[in-house]
Every structure is written in C-alpha cells, then in structure tokens.
Amino acid sequence: MIRFLTAGESHGKALTTIIEGFPSNIKIANDYINFHLKRRQAGYGRGLRMKIETDTAEILSGIRFQKTLGSPVSLLIKNRDWENWTEKMTPDKRKSEVEKITIPRPGHADLVGVSKYNFDDIRNSIERSSARETAARVAAASIARRFLEEFGISIGSFVESIGGIYPKQNFASNLFDNNLSKNFSGWSLSEKADKSDVRVLDEDHEKLIINRIKLAKKRGDTLGGTFCVVATGVPLGLGSFVHYDTKLDAELAHSVMSINAVKAVSIGTGFEAAEKFGSESHDEIIKRGELITRKTNRAGGIEGGTSTGLPIILRAAMKPIATLMSPIESIDLKNMKTVDARRERSDFVAVPACAVIAESMVAWSLAKFFLEKFGGDSLEETKDNFNSYTKKLFNRVRRNFKG
Ligand code: EPS
C-alpha cells in the first residue's frame, strides 16, 4: 500500500510531502523530480507567481545515492514568495495589522472555507485551497512515475481544447479508434506537447488558442479547457470488478477529479459512448500473432474496472480559474453589501499545468494498483513477481480453454 500526504500553504514557507510504501532500489535523481516540477510551472496564461518561483525539491529522507531505501521519502519545496509574505503568514504572534479578506470569489473555496472552518479572514482558506499544493503532488508522484518506467509504463498528456477551441484533427478520437502499436509511448505525447506553449499537438491550434487567451486577458477574464492523459505499457489485470474500491477506472476518476478546478473525468470515449450503438462502441476481440487483442480502444484500456493491456486513455475538463480581474458579483461579508468579487494575483489559464498534474495523479494511481497486485519490498522482488505473471498470462488463458 502506497500513500502520500502533502502539507503547506501557498504563501507559507514551503510545501512538503511524505511518500510511503515504495520498494527499495528504485533509481531516482533529484533532477528527475525537478524536471516534472518545471513542466507544471509552464504554459501561456500562467500568472506572475510562476515568475517568482523555480520549484525544486530537496530530498530530506528515504533516498541514498539516488536509490530509494524502502523507508518514507520526504521532499521539501521552498516557496520563494514566502519572503514577501512572512508577516502575513507567520505561524508566530501577529506583529502588525494584517488586512483581512472579507469578499469571497465565486468558484473558489473562499465562502465554503470560511463557513466550514469558522474563520474571520478568507486568507485562511485561500492558502490551502490554492492549486499551489499540486507542486507537492507532482514531486510525490515523480517516484511513482519513475517506478512505473521500470516496467515499461509510460505516461503523457496533451491539451485537447482551451476556451472551447478544439483542433481540426481530433487527436483524442484517433487514439480510441486505433489499437496503437507497441512502439507508441504515452510519454511521446508529452514530448510533443511540451514544445507548445499551451501543450497542444498542432501549431495552428496553438495560434487559435493563444489568441483566445489574449482575448480573455484583455477582458480581465479566464478560461478552462480539456486535456487527455495516456498511459501505455499497463499490463492486463490492474484493478478488478469485485468491489467498488478495486475498480481502476473509479480510482483514476477520483485521483484526477481531486485536482483543483477539475469538473469532469471520463475514460475512453466517455460521454460519446452514451450516444452510440453498442456495435459502434465496443472493441472487437481479435488475434494478433499469439496475442489476443482488440481492433480499437474505445474503452480507454479498462473493461470491468480492470486494465485490458491497451493504453489507458483518460480525459478531463478544467473549469476557468476563479479569480477574475473583471470580477463578477459577490458579497462583502463585513457588511453584507453587494460588491465586485475580490481580485488577487492569479493565472488566466492553467490547463497545460493541470494536464501535467493529471499525469502525476494517474501515475500515482497506477503505481498504487500495480503494487497492490505485484507487491515486493525491493524493486527486484516486484520485477520477479511481475515477470512471472506477464510471461504466463496468455498461456494460462489458452491452456484453460483448450478442448
Ligand atoms: C499556483 C500558485 C498560485 C496561483 C495558482 C496556482 O499563486 P498565487 O496565488 O501566489 O498567485 O498562481 O493558484 C490558483 C490559480 C488558485 O486559484 O488558487 C501554483 O503554484 O500552481
């Protein structure tokens, strides 16, 4: 069983995470974690905060000579902006008067936060509900991602749309209608997407989206969008149909839905499947050499809560960022008067970053189900278990059914 916790406020001293349950001997360099942290910071439409921060993780425990020890790994990501916030965010006695925030932003956790936790200052709930926390998640999930790579599992993502602007050629649909070759890797999508300022796969599409973001900025508005995460090399048999909490699709949906501002998650053709005949929706079973496989992958690599061995394809939708420079209506809780919602430094668009965070959460969930199936205290032990399962898998099925 793997688990992780994160701690830290957006403008506090640092973010931290403790990751537990991975086997020993997984090779992981600090640069690897920092590489993914940097990817999370990128994207046209991010706010000024990203110019202040250069997110890097300091490894505090659990790794020696670039290999996991099997003990808890703890990581620290310092907030550079802390310098500007020490008085406002000090855990010590308040030394000066600090302005209280009294106007909640619709769409953020401001109003529910102060109501639920009984605060007299919205700052208290802004800090932890900020998507800054996802930096710690990306760092934690780097271990999961590195671990999965040892088994040929590769995860990548791309942005499908921002502000309702889709590409002429719908790459996500192409993924479902092809049974992708063995040479295709999830990461190859990210390699391509990372070259784009908005993480799309097509230059014309990028131009249209950037124009749309420019328009949003000019209007003091924000945008959301959709993205696609793909994991290749996932063996048949992760997850199960026996219980609600053993289903891989349910686990992935939970994981990605937990990312700030994500409002929908679908697997495979998702909502589109509901509009089709069964004959247009399911993936025909075929023989390819000695293998049993499918003509298509509309199921997105999961049937009956269990991975089929084909790429896992997940899509998600992120709502527009809640902080608007041309605000909509709210109420000042101080005097109950109708006012403009509070402005505060923020992003205009964070869909490209959200896709990177979703890659991380998908990596985490796959590693969790992978280790539940294969176990092992050392990477070598996990590999033995994995190899013995995968080598015999199809032979077993054929033997069992031979007349
Ligand atoms: C974020 C840091 C935040 C925001 C953003 C995500 O920094 P600040 O609040 O200091 O500008 O840029 O958070 C939000 C969009 C939000 O609504 O909370 C980050 O590190 O990703």
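Student: Which residues come nearest to the ligand?

Tutor: In this predicted model, 13 residues lie around the ligand. Five of these are named as coming nearest to the ligand: His 11, Arg 40, Arg 49, His 108 and Arg 345.

Student: How far is an N or O atom in the side chain of His 11 from an oxygen atom of the ligand?

Tutor: A polar contact requires a pair of N or O atoms within 3.5 Å. The side chain of Arg 49 has such an atom 2.8 Å from a ligand oxygen, and a polar side-chain atom of Asp 347 lies 3.4 Å from an oxygen atom of the ligand. For the side chain of His 11, the distance is 2.6 Å.

Student: Is Arg 137 buried or exposed?

Tutor: Arg 137 belongs to helix H6, which covers residues 134-149. Residues under 20% relative accessible area count as buried. The relative accessible area of Arg 137 is 8%, and therefore Arg 137 is buried.

Student: With which side chain does the side chain of Arg 137 make a polar contact?

Tutor: Beyond four places in sequence, Arg 137 is in contact with several residues, including Phe 4, Thr 6, Asn 260 and Met 361. The polar contact of its side chain, at 2.9 Å, is with the side chain of Glu 133.

Student: Why does Asn 260 count as partly exposed?

Tutor: Asn 260 is located in the loop between helix H10 (248-257) and strand S9 (262-267). The partly exposed class lies between the buried limit of 20% and the exposed limit of 50%. Asn 260 is placed in this class because its relative accessibility is 22%.

Student: What separates the C-alpha atoms of Asn 260 and Ala 131?

Tutor: Setting aside neighbours within four places in sequence, the contacts of Asn 260 include Ser 130, Ala 131, Thr 134 and Met 318. A polar atom of the Asn 260 side chain also lies 2.9 Å from the backbone oxygen of Ser 129. Asn 260 and Ala 131 are 129 residues apart along the chain, yet the separation of their C-alpha atoms is 5.9 Å.

Student: How many of the residues lining the largest cavity are charged?

Tutor: The model has 1 cavity of 30 Å³ or more, and the largest cavity holds about 40 Å³ of space. Its lining consists of Ile 19, Glu 20, Gly 21, Phe 22, Pro 23, Thr 68, Gly 70, Ser 71 and Val 73. Of these lining residues, 4 are nonpolar and 4 polar, and the number charged is 1.

Technical notes: Residues numbered from 1 in each chain as written. Predicted model: local features only at pLDDT ≥ 70, side-chain atom pairs only at ≥ 80, totals over all residues. Heavy atoms only, no water. 1 Å grid on protein atoms, 1.4 Å probe; cavity = no way out; pocket = protein on both sides within 12 Å on 5 of 7 lines; lining within 4 Å. Points joined across faces, edges and corners; volume = space filled by probe spheres on them. Nonpolar A, V, L, I, M, F, W, Y, C, P; charged D, E, K, R; others polar. Helix = DSSP H or I, 4+ residues; strand = E, 2+ residues; numbered from the N terminus. Buried < 20%, exposed > 50% of the residue type's maximum accessible area, 1.4 Å probe, protein only. Contact = heavy atoms within 4.5 Å. Polar contact = N/O pair within 3.5 Å; in protein donor to acceptor, adjacent residues only side chain to side chain. Near = heavy atom within 4 Å.
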